[in-house]
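The exercises below are to be worked with the sequence and the 3D structure at hand. Each task is followed by a solution in steps.

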Amino acid sequence: MSGKNILLCVSGGIAVYKACALTSKLVQSGFNVKVIMSESAIKFVSPLTFQALSRNEVYTDTFIENNPKVIAHIDVADWADLIIVAPATANMIGKLANGIADDMISTTMLAATAPVWIAPAMNVHMYNHPAVQKNINTLFNFGYRFIEPGEGYLACGYVGKGRLEEPEAIVELIISHFGPQFLPFKGKNILITAGPTKEKIDPVRYLTNHSSGKMGYAFAEEAVKMGANVILVSGADHLPVPNGVTFIKIESADDMYNAVMKYFPDVDVVIKSAAVADYRPSQVSDKKVKKKDGNLMIEFERTKDILQELGKNKKHQFLVGFAAETHDMEQFALQKLERKNLDMVVANNVLESGAGFSGDTNIVTIFHKDHSIKKLPLLSKHETAKEILGEILTKIGDLK
Ligand code: CTP
């Protein structure tokens, strides 16, 4: 979404806290964000919060003119590709519907020609009041679009319509507003591997690991949202198959090798988040192994290192490997990067709380080929996937 400018107008209600999350998510999605706050919004959250999240100056007063070369409310109105008023209070909706220009938001709005979306948030009775409904109708007739408030628990204690729509949903609406041409992975083929492999011992037993597949599935879902054609090769079988992916279910490391090799020539990015078995039993018994006195000895042989094979054969492809470690993470991650000829390694310490296999969160460090390092904080696996996909986007140009 780089190059698209979102002007977020924040008026004063308790939902201002959600506008902070909205700002952060818009920036993470690649938008340029500028924020105007009303006087009452400042009573809830400091402008400094929005400044830090948007990495831009926050406007609070029509008469603070920091740049003598421009008139701030005209300049920022012209700058915007889309204006979002979130949360929009009953008062702000009333002012906008009546052409009042007595603060920085309402003055800028009169000067703006960009599309305007209003996300109301208020008490359910206020929202249903005929005056507010009339103003909403007036704004609708001006061509403003509304992001309907949700139903649920309201800060005033009522349960009803009036909650500001969730920031994630607003960001998705904005992305779809700008259309598919702004999907950053459009036209790119991404091969993702996920979950564990199962290595057969006999018809009833196998060797596997604790990988849940959640990280790989999060990559697949986020990559589809960003416009990629996704091939998901999965050893996990209990997660819902994400919409819009080409899904290939595999069992063993060998199955995964065959599936990955089939698609590899035509893909642009490989994300190898699967936990592939490094060893498999040398002999697979075709009958159930019966118990006997004494210990059972099973000999194991190495499986093919799929990623290393890809590293040897890579041409234009961007290769991302994973390093799930319990100690010396940086050292092992960098060794894997070199040994397997990768472009990026995503490493985590699986013993760290919040970074394990089966949870919904992760704490990863990204190691790039140029040896630059980016540490991500504790994030949901979806947020982690989005961040990593964003990093891939910044590097993928190097391959062209
Ligand atoms: N990998 C692979 N094929 C294998 C084993 C691993 O493609 N047979 C990939 C994994 O998908 C992951 C990365 O290689 O992206 C992990 O690197 P690896 O060195 O194999 O790490 P571990 O399997 O954890 O083994 P070790 O730490 O013992 O080296």
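A residue counts as buried when its relative accessible area is under 20%, as exposed when it is over 50%, and as partly exposed in between. The model used throughout is a predicted one.

**Exercise 1. Classify E383 by accessibility and find what its side chain pairs with.**

Step 1. Locate the residue: E383 belongs to helix α14.

Step 2. Apply the cut-off. The relative accessible area of E383 is 14%, so E383 is buried.

Step 3. List the contacts, leaving aside neighbours within four places in sequence: E383 then touches K25 and Q28.

Step 4. Look for a polar pair. The side chains of E383 and K25 are joined by a polar contact of 3.4 Å.

Step 5. With neighbours within four places in sequence left out, K25 is in contact with P167, E168, V171 and E383.

**Exercise 2. Is N66 buried or exposed, and which side chain does its own side chain contact?**

Step 1. N66 is placed in the loop between β3 (58-59) and α4 (72-79).

Step 2. N66 has a relative accessibility of 56%, and therefore counts as exposed.

Step 3. The side chain of N66 makes a polar contact of 2.9 Å with the side chain of E57.

**Exercise 3. Explain why helix α6 can be called largely enclosed by the rest of the structure.**

Step 1. Take the residues of the helix, 104-111, and count the buried ones: six of the eight are buried.

Step 2. Name them: M104, I105, S106, T107, T108 and M109.

Step 3. Because six of eight residues are buried, α6 is largely enclosed by the rest of the structure.

**Exercise 4. Describe the largest nonpolar core and the surroundings of I388.**

Step 1. Identify the central members. The core has 32 residues, and those touching the most other members are I190, I192, I271, I388, L389 and I392.

Step 2. Assign the core to elements. At least two residues each come from β9 (189-194), α10, β12 (229-234), β14 (269-272), β17, β18 and α14 (381-396). The largest share, six residues, is supplied by α10.

Step 3. Inspect I388. Apart from neighbours within four places in sequence, I388 contacts F219, M344, V346, V364, I366 and L376.

**Exercise 5. Characterise the second largest pocket by volume, lining and composition.**

Step 1. The volume of the second largest pocket is about 820 Å³.

Step 2. The lining consists of 42 residues, of which A274, A275, V276, F322 and A324 are the closest to the centre of the pocket.

Step 3. Two or more lining residues come from each of α10 (214-225), α12 (306-313), β17 (318-325), α13 (329-339) and β18 (344-349). The largest share, five residues, is given by β17.

Step 4. By type, the lining of this pocket divides into 19 nonpolar, twelve polar and eleven charged residues.

**Exercise 6. Summarise the protein chain as a whole.**

Step 1. Secondary structure: 14 helices and 22 strands.

Step 2. Extent: along the principal axes, the C-alpha atoms fill a box of roughly 85 × 45 × 35 Å.

Step 3. Burial: 48% of the 400 residues count as buried.

Step 4. Contact range: among contacts between residues at least 6 apart in sequence, 66% join residues at least 24 apart.

Technical notes: Residues numbered from 1 in each chain as written. Predicted model: local features only at pLDDT ≥ 70, side-chain atom pairs only at ≥ 80, totals over all residues. Heavy atoms only, no water. 1 Å grid on protein atoms, 1.4 Å probe; cavity = no way out; pocket = protein on both sides within 12 Å on 5 of 7 lines; lining within 4 Å. Points joined across faces, edges and corners; volume = space filled by probe spheres on them. Helix = DSSP H or I, 4+ residues; strand = E, 2+ residues; numbered from the N terminus. Nonpolar A, V, L, I, M, F, W, Y, C, P; charged D, E, K, R; others polar. Buried < 20%, exposed > 50% of the residue type's maximum accessible area, 1.4 Å probe, protein only. Polar contact = N/O pair within 3.5 Å; in protein donor to acceptor, adjacent residues only side chain to side chain. Core = buried A, V, L, I, M, F, W, Y, C linked by side-chain atoms within 4.5 Å. Contact = heavy atoms within 4.5 Å.
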